[in-house]
Amino acid sequence: MENKKKVAFYTLGCKLNFSETSTIARNFQDEGFERVDFEEIADMYVINTCSVTENADKQFKQIVKKAMKLNDKAFVAAVGCYAQLKPEDLAAVDGVDLVLGATEKFKITDYINDLAKNDMGEVHSCEIEDADFYVGSYSIGDRTRAFLKVQDGCDYKCTYCTIPLARGISRSDTMEGVLKNAKEISSRGIKEIVLTGVNIGDYGKGEFGNKKHEHTFLDLVTELDKVEGIERLRISSIEPNLLKNETIDLVSKSRAFVPHFHIPLQSGSNYILKKMKRRYMKELYVDRVSKIREVMPHACIGVDVIVGFPGETEEHFLETYNFLNELDISYLHVFTYSERDNTEAAEMDGVVASNVRSKRSKMLRGLSVKKRRAFYENQIGTKRTVLFESENKEGYIHGFTENYVKVKTPWNPEFVNTLHDVQLTKIDEDGMVRFDFLEVTV
């Protein structure tokens, strides 16, 4: 029997990329390829790129170099957001054979013939206006949770963001499509599904390939909550202006949705929010946090924030810092602003020096540590359910409670991908929480 060709994948960036890599990998397996780890020798390496992370090009070059070191005759393909925005740059990297943009990445197996190396990277990238059809995907296989893509693209015009350029207009999976994928995931014994997309609160738009739609995000969560076999559903990240009271109420009474919200803020200064062309002011954000706290005092609330945006003075930054310090939130994801080609912000005056950007970032990261600690302390003594992960980390197994408290206990392989009722007891020196198992009474 002839040896199967081997393919390996590397994913940069967000959960959406992970779910899409998984779908692309399944296409390869359907074509008779064997999927191997990226550390192994393979006939082909596929790198799913990101345009949001710092040093995207530098990271990409290092990964290509790593692949070439493993097998200098391997065929290397780049797909994803950076491949859509800067295809020529990626094609020029030594060792790269194929670059596929936003619409082509799901048809990658059509572009590979004999896996012979090309002298120069071959580019297939569409005009982004053509990225108007929806490809459903979800990731499984390497985790106790699956990322289920429900939406793609974005119609917002935030001045710092390249995602609409890299992923196209907002469009959604059909309700049937999402529910079918959710059922498939649950049939594989996966306990938690994280809903992902570029702007998931916009779900419904583009369900029929145009702007007409029958369903809303609230309809989606209502239907998903009824799917049997899924123990946990998590909303990954949702814009504050699209997070409605009805959705918060549904989560608070839900069977499967967990009390964890991740809500991008980006700045605590209305002046900066306007410059960013965000679709809300900070008052609305306070209102969303208060609503969640009112119906779910124990909920975990994560916040995205960008520091060093053009025009952000020391006063604006302190306004953000104090705003977040006083807000009852659980942790921050801090992004240091970096210029992106073809965005409005890149042309703005008031550029913030990079050492000032990193100082501000460090201050907010410090605040995040304090916030997470306070949130964890607040949870000590409470009864929660933990879903355990699959890795043995230095003799411990880690897990997350439904409200996203990270816990640890001595390694036991029988706990992998299982749910247990526990009582949180104390915070360990590494910041994770210890607990006692609550014996199940039959």
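These are my notebook entries on a few places I looked up in this structure.

**Entry 1: the model**

I am working from a predicted model. I number residues from 1 along the chain.

**Entry 2: helix H12**

I started with H12, which runs over residues 314-326. H12 has 13 residues. I read 18 Å from its first C-alpha to its last, close to the 18 Å expected at 1.5 Å a residue.

Next I asked which residues of H12 are buried. I found His 316, Phe 317, Thr 320, Tyr 321, Phe 323 and Leu 324. These residues sit on the same side of H12, because they cover an arc of only 165° around the axis. I then turned to the face away from the buried side, and there I noted the exposed residues Glu 315 and Glu 326.

What do the buried residues of H12 pack against? The helices are H10 (270-275), H11 (282-295) and H13 (354-379). The strands are S13 (260-266), S14 (300-307) and S15 (331-336).

I moved to H8, residues 217-224. Its buried residues are Phe 217, Leu 220, Val 221 and Leu 224. They fall within an arc of 90° seen down the axis of H8, so they line one face of the helix. I checked their packing partners: helix H7 (175-187), strand S11 (192-196), strand S12 (232-235) and H9.

Thr 247 lies in H9, residues 245-253. Is Thr 247 buried or exposed? It counts as buried, because its relative accessibility is 2%, and buried means under 20%. Leaving aside neighbours within four places in sequence, I found Thr 247 in contact with Phe 217, Leu 218, Val 221 and Ile 235. Phe 217 and Val 221 are among the buried residues of H8.

**Entry 3: Val 433**

I looked up Val 433 in strand S20, residues 433-437. Val 433 is buried, and its relative accessible area is 0%. Which residues does Val 433 contact, leaving aside neighbours within four places in sequence? I wrote down Tyr 376, Ile 380, Val 405, Lys 406, Val 407, Lys 408, Leu 424, Lys 426 and Ile 427. I also took a distance to Phe 309, which is 124 residues from Val 433 along the chain. Their C-alpha atoms are separated by 35 Å.

Gly 32 is in the loop between helix H1 (15-30) and strand S2 (34-36). I put Gly 32 down as partly exposed, at 32% relative accessibility. Lys 4 is 28 residues from Gly 32 in sequence, and the two are 6.7 Å apart in space, C-alpha to C-alpha.

Ala 56 is in helix H2, residues 56-70. Ala 56 counts as buried, at 8% relative accessibility. Not counting residues up to four places away in sequence, Ala 56 touches Cys 50 and Tyr 82.

**Entry 4: cavities**

How many cavities of 30 Å³ or more are there? I counted two.

I then looked at the lining of the largest cavity. It divides into five nonpolar residues, one polar and six charged. Among the lining residues are Ala 102, Thr 103, Phe 106, Asp 132, Lys 149, Arg 167 and Arg 171.

Methods
This is a predicted model: local features need pLDDT of at least 70, side-chain atom pairs count only at pLDDT 80 or more; totals for chains, interfaces and linings use all residues. Side-chain values use heavy atoms; hydrogens and water are left out. On a 1 Å grid over the protein atoms alone, a cavity is a set of points where a 1.4 Å probe fits but cannot get out, and a pocket is an open set with protein on both sides within 12 Å along at least five of seven lines; lining residues have an atom within 4 Å of a point. Grid points are joined across faces, edges and corners, and a volume is the space filled by probe spheres set on the points. Ala, Val, Leu, Ile, Met, Phe, Trp, Tyr, Cys and Pro count as nonpolar, Asp, Glu, Lys and Arg as charged, and the others, Gly among them, as polar. Helices (H or I, at least four residues) and strands (E, at least two) are DSSP runs, numbered from the N terminus. The expected span of a helix is 1.5 Å times one less than its number of residues. Buried means under 20% relative accessible area, exposed over 50%, partly exposed in between (1.4 Å probe, protein chains only). The arc is that of the directions from the helix axis to the C-beta atoms. Contact means heavy atoms within 4.5 Å.
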